[in-house]
Amino acid sequence: MQNYRNLIAWKKGHALAIAGYRVARSLPAEERFEMGSQLRRALVSITSNIAEGSSRSSDRAFAAFLDSSAASAAEVENLLLLAADVGYIGREVHEPIDAQVREVRRVVARLRSVVKAAALENRRR
């Protein structure tokens, strides 16, 4: 078990969640509940799955939680793109946060591949 707060994926996911909450707050009133709520849940899910998975007793279990974290990051990316495409947020807001999402997706995928490799190695022993 490791401290999830030391993981780069969690740190970048946490920074994304903070930025994403600001975006959710800026949505038009008619979307703050629906899209805003969905966005917030997906943002929280990214880091929550990293935290929960890191406390599991096996690499295989951790990898499954990282799969969920990656899926939530994809959901965030989709929601932010939709918000930009329908004009709820401007490109000047969307482009930097989209870069953050892509970075989170990259580091979660890298961590997932390292953890899955460790799980395979442990099964071979």
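Predicted model: local features only at pLDDT ≥ 70, side-chain atom pairs only at ≥ 80, totals over all residues.
Local features need pLDDT of at least 70, side-chain atom pairs count only at pLDDT 80 or more, and totals for chains, interfaces and linings use all residues. Residues are numbered from 1 along each chain as its sequence is written, and side-chain values use heavy atoms, with hydrogens and water left out.

Helices α4 (residues 59–85) and α5 (residues 91–124) have axes that come within 9 Å and cross at roughly 165°. Axes are lines fitted to C-alpha atoms over the stretch in contact, with angles from 0 to 180 degrees between N-to-C directions. Helices are DSSP runs (H or I, at least four residues), numbered from the N terminus. The two helices are therefore roughly antiparallel (over 145 degrees). Their crossing is left-handed (the near helix is turned anticlockwise from the far one by less than a right angle). The contact comprises 18 nonpolar, 3 polar and 12 charged residues. Ala, Val, Leu, Ile, Met, Phe, Trp, Tyr, Cys and Pro count as nonpolar, Asp, Glu, Lys and Arg as charged, and the others, Gly among them, as polar.

P28 sits in the loop between α1 (8–26) and α2 (29–32). Its relative accessibility is 22%, so P28 counts as partly exposed (buried is under 20%, exposed over 50%, partly exposed in between; 1.4 Å probe, protein chains only). The C-alpha atom of P28 lies 9.9 Å from that of G87, 59 residues apart along the chain.

The structure holds 1 aromatic pair (ring centres within 6.5 Å, using the six-membered ring of Trp). The rings of Y4 and W10 have centres 5.4 Å apart and planes at 70°, so the pair is edge-to-face (over 60 degrees). Y4 is partly exposed at 27%, while W10 is buried at 14%.

Notes: Parallel < 35°, antiparallel > 145°, perpendicular 65-115°, else oblique. Phe/Tyr/Trp six-rings, centres within 6.5 Å; stacked < 30°, edge-to-face > 60°.
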